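This report goes through one protein model, topic by topic. Keep the structure open while reading.

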Amino acid sequence: SSQFGPRANRQRVPLRPPLARRLVPGDSHSTAMLSRALQRTAAPFVRGLRTSAVARDKVVLVLYPDPAGGFPPKYARDDIPKIAAYPDGQTTPTPEAIDFTPGHLLGCVSGELGLRKFLEERGHTLVVTSDKDGEGSTFEKEIVDAHYVISQPFWPAYVTAERMAKAKNLKACITAGIGSDHVDLAAAAERKVDVSEVTFCNSISVSEHVVMMILGLVRNYIPSHAYTGAGPGWNIADCVERAYDVEGMKVGSVAAGRIGLAVLKRLHAFDCELHYADRHRLPKEVEEKWNLHYHADWKEMAKQVDVLTLNCPLHPETEHMVNAETIKLLKRGSYLVNTARGKLCDRDVIAEALKSGQLAGYAGDVWFPQPPPQDHPWRTMPWNGMTPHTSGTTLSAQARYAAGVREILECYFEGKEIRTEYQILTKGKLAGAGAHAYSEGNTTGGSDKAIGKTK
């Protein structure tokens, strides 16, 4: 069995001897390899190679920068668990083969999602960069003649209407992960640009992160941990003056899809009173099994709960759903966790609510834009448990979404329809997972302030 389904058994993970032993004077393959090596040295954040074969399609891959300590890192573990299917029965990605080792770092520039060999063998052009924001960025230049753009939600390449208008060859935008709000869906629909993502690939990863953050806030973990390091000492009273038990608390999830329901299932073991709001009500047997209380309107639910977690997609109807008016619905001293999208919340309202005490804590890994500018108030607001956007890009999750991206590309290149559950926008219409969760609109406004620019 394989964590990527039956077709993934034919893995191709080539051993790569030192460069000096692979170069042969006068050999065209060696010349290309040397060119690649020189290119990596000269431009560590941009990687591209035009093969000698006739290039059929150009793929632009936007990934986050390599580790500060260099690539590849020293891995903490030798392998990851093999998962063949998700809780709803959907299989994990089933590409014809993979050219990477599951558990290795794939989501950064040098990781390349393990796609280079696959693409170059078929005569395609691959450009990999982390330089994504601003008119002079590599992404801005390379999208002009790109056929496919691949990006991660953690380091999103904002495909605005303006950028799409320049990309006359663009066929599809593929999200290596879940959440395609960095693409102007209205413009994509108008131009018949397909949008897809690797549905469910990191839903459990994110749900684990949510539970961790809820416990971290309620139990005051982060400030308490600081006291054991270079902090003032063994100040137990200072640690526990804001620490509570999650047992007995009312926890509400806005949306109970793949992530939201997984969060509620995991919190069931903590003896919380569980609530959810969703436009798609869960089956009665699911509600009874997990003792879930349904609300048709999330605002009514917000008045009752002690902890509110946002697990809904970002689209025009949910943008700034937590604002100056709705924040007043929450109990004083509530906790808010948001690993969905930063733009679900008005950033200044959240910062002020923490200062005033309306919120006892706010945690999440999503910001807007990403990366956020240095003066973003969430960097310095009190009682926050913010991290960079990491919840869905664990090494475990990377193996799944890298395999999923390859599966999607295989389908495009072979003229096959991609899985329904991967489709967000197909032939100008919302489809698959997109029809269930999104609305045609644009949520990329303000992305020009992102700082994903290589200095």
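Predicted model: local features only at pLDDT ≥ 70, side-chain atom pairs only at ≥ 80, totals over all residues.

Is K132 buried or exposed? K132 is buried, with a relative accessible area of 0%.

## Salt bridges

K132 forms a salt bridge with D133, and the closest N and O atoms of the pair are 2.8 Å apart. D133 counts as buried because its relative accessibility is 5%, and the cut-off for buried is under 20%. A search of the whole structure finds 26 salt bridges.

The salt bridge between K303 and E300 has its closest N and O atoms 3.2 Å apart. Here K303 is partly exposed, with a relative accessible area of 40%, and E300 is partly exposed at 39%. Elsewhere, K58, E142 and D145 are linked by salt bridges into a network.

## Nonpolar cores

In soluble globular proteins, nonpolar side chains tend to be buried together. In this model the largest nonpolar core has 64 residues. Which of its residues touch the most other members? They are L113, L115, I150, V405 and L409. At least two residues of this core come from each of β2, α3, β3 (125–129), β4 (148–151), β5 (172–175), α6 (185–191), α14 and β13 (423–426). Helix α14 gives the most, with nine residues.

V405 shows what such contacts look like in the sequence. Leaving aside residues up to four places away, V405 touches L113, L115, I150, I174, A176 and V198. There is also a second, separate core of 30 residues, and its members include V305, L308, L314 and W367.

## A nonpolar patch on the surface

Which residues form a nonpolar patch on the surface? The patch is made of W234, I236 and V240, which together have about 390 Å² of accessible area. One of them, I236, lies in helix α9, which covers residues 236–240.

## Backbone angles

Most residues other than glycine have a negative phi, and most peptide bonds are trans. The residues below depart from one or the other of these patterns.

Two cis peptide bonds can be located in the model. The bond from F71 to P72 is cis, with omega near -5°, and P72 is in the loop between β2 (58–62) and α3 (116–121). The bond from Q370 to P371 is cis as well, with omega near -10°. P371 sits in the loop between β12 (359–364) and α14 (395–414).

Positive phi values occur at F200, near 75°, and at H320, near 55°. F200 is in the loop between β6 (194–197) and α7 (203–218), while H320 is in the loop between β10 (307–310) and β11 (334–338). Are these two residues buried or exposed? F200 is buried, with a relative accessible area of 4%. H320 has 33% relative accessibility, so H320 counts as partly exposed.

Key. Residues numbered from 1 in each chain as written. Heavy atoms only, no water. Helix = DSSP H or I, 4+ residues; strand = E, 2+ residues; numbered from the N terminus. Buried < 20%, exposed > 50% of the residue type's maximum accessible area, 1.4 Å probe, protein only. Core = buried A, V, L, I, M, F, W, Y, C linked by side-chain atoms within 4.5 Å. Contact = heavy atoms within 4.5 Å. Patch = residues over 30% accessible without salt bridge, like charges linked within 9 Å, V, L, I, M, F, W, Y side chains within 5 Å. Areas by Shrake-Rupley, 256 points an atom, 1.4 Å probe, with all protein chains shown as cover. Salt bridge = Lys/Arg side-chain N within 4 Å of Asp/Glu carboxyl O.
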